[in-house]
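Here are a few notes to go with the structure. Have it open beside you and follow along point by point.

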Amino acid sequence: MNQIEWQPKAARQLRKIDDKSLRVRLYDATQALKDFPACANVKKLTNHEYSYRLRVGNYRVFFDFVDTVKIVFVEEVKKRDEHTY
């Protein structure tokens with residue numbers, strides 16, 4: 001079982017989310033990373049600053065994994081439309 005380490009910036013980003021139920025959902029999803037790599041909604045990233053991404057609704061939790069899971073960044077994904085690109 002892996003340990004989860006939150007970087008200060010990622011913890012701040014999580015606390016800034018207004019919807020408490022969404023915050024709890026994100027936190028619970030990150031706790032499932034203790035079973036990494038046997039967890040759902042995780043994708044290995046290529047050519048990206050971070051190694052992995054966990055998808056939780058409209059949010060992405062970026063993390064690295066060496067001996068522990070290190071959560072580095074939490075980001076909301078905005079809806080894409082024909083003007084996105």
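1. Phe-65, at 28%, counts as partly exposed.

2. Before going on, a word on the source. This is a predicted model, where local features need pLDDT of at least 70 and side-chain atom pairs count only at pLDDT 80 or more, while totals for chains, interfaces and linings use all residues. Residues are numbered from 1 along each chain as its sequence is written, and side-chain values use heavy atoms, leaving out hydrogens and water.

3. How many aromatic pairs does a search of the whole structure find? The search finds eight. Rings of Phe, Tyr and Trp (its six-membered ring) pair if their centres lie within 6.5 Å; planes under 30 degrees apart count as stacked, over 60 as edge-to-face and the rest as tilted. Phe-36 and Phe-65 have ring centres 4.9 Å apart and planes at 50 degrees, so this pair is tilted. Phe-36 sits in the loop between α2 (20-31) and β2, and Phe-65 in strand β4 (residues 59-65), so the pair ties together parts 29 residues apart in sequence. Helices (H or I, at least four residues) and strands (E, at least two) are DSSP runs, numbered from the N terminus.

4. Now look at Tyr-50 and Phe-73, a stacked pair with 6.1 Å centre to centre and 20 degrees between the planes. Tyr-50 is in the loop between β2 and β3 and Phe-73 in strand β5, 23 residues apart. Tyr-50 is buried at 13% relative accessible area, and Phe-73 is buried at 18%.

5. Phe-36 and Phe-65 turn up again in one aromatic cluster with Tyr-52 and Phe-63. Lys-44 lies over the face of Tyr-52, 5.0 Å from the ring centre (a charge sits over a ring if NZ of Lys or CZ of Arg is within 6 Å of the ring centre and within 35 degrees of the ring normal).

6. As for the sheet, five strands form an open one in the order β1-β5-β4-β3-β2, with mixed pairing (two strands pair if DSSP finds at least two bridges between them). β1 (4-6) and β2 (42-44) stand at the edges with a single partner strand each, so one side of each has no neighbour in the sheet. β2 runs antiparallel to β3 (residues 52-56), joined by three bridges; Val-42 has Leu-54 in β3 as its bridge partner.

How values were computed. Buried means under 20% relative accessible area, exposed over 50%, partly exposed in between (1.4 Å probe, protein chains only).
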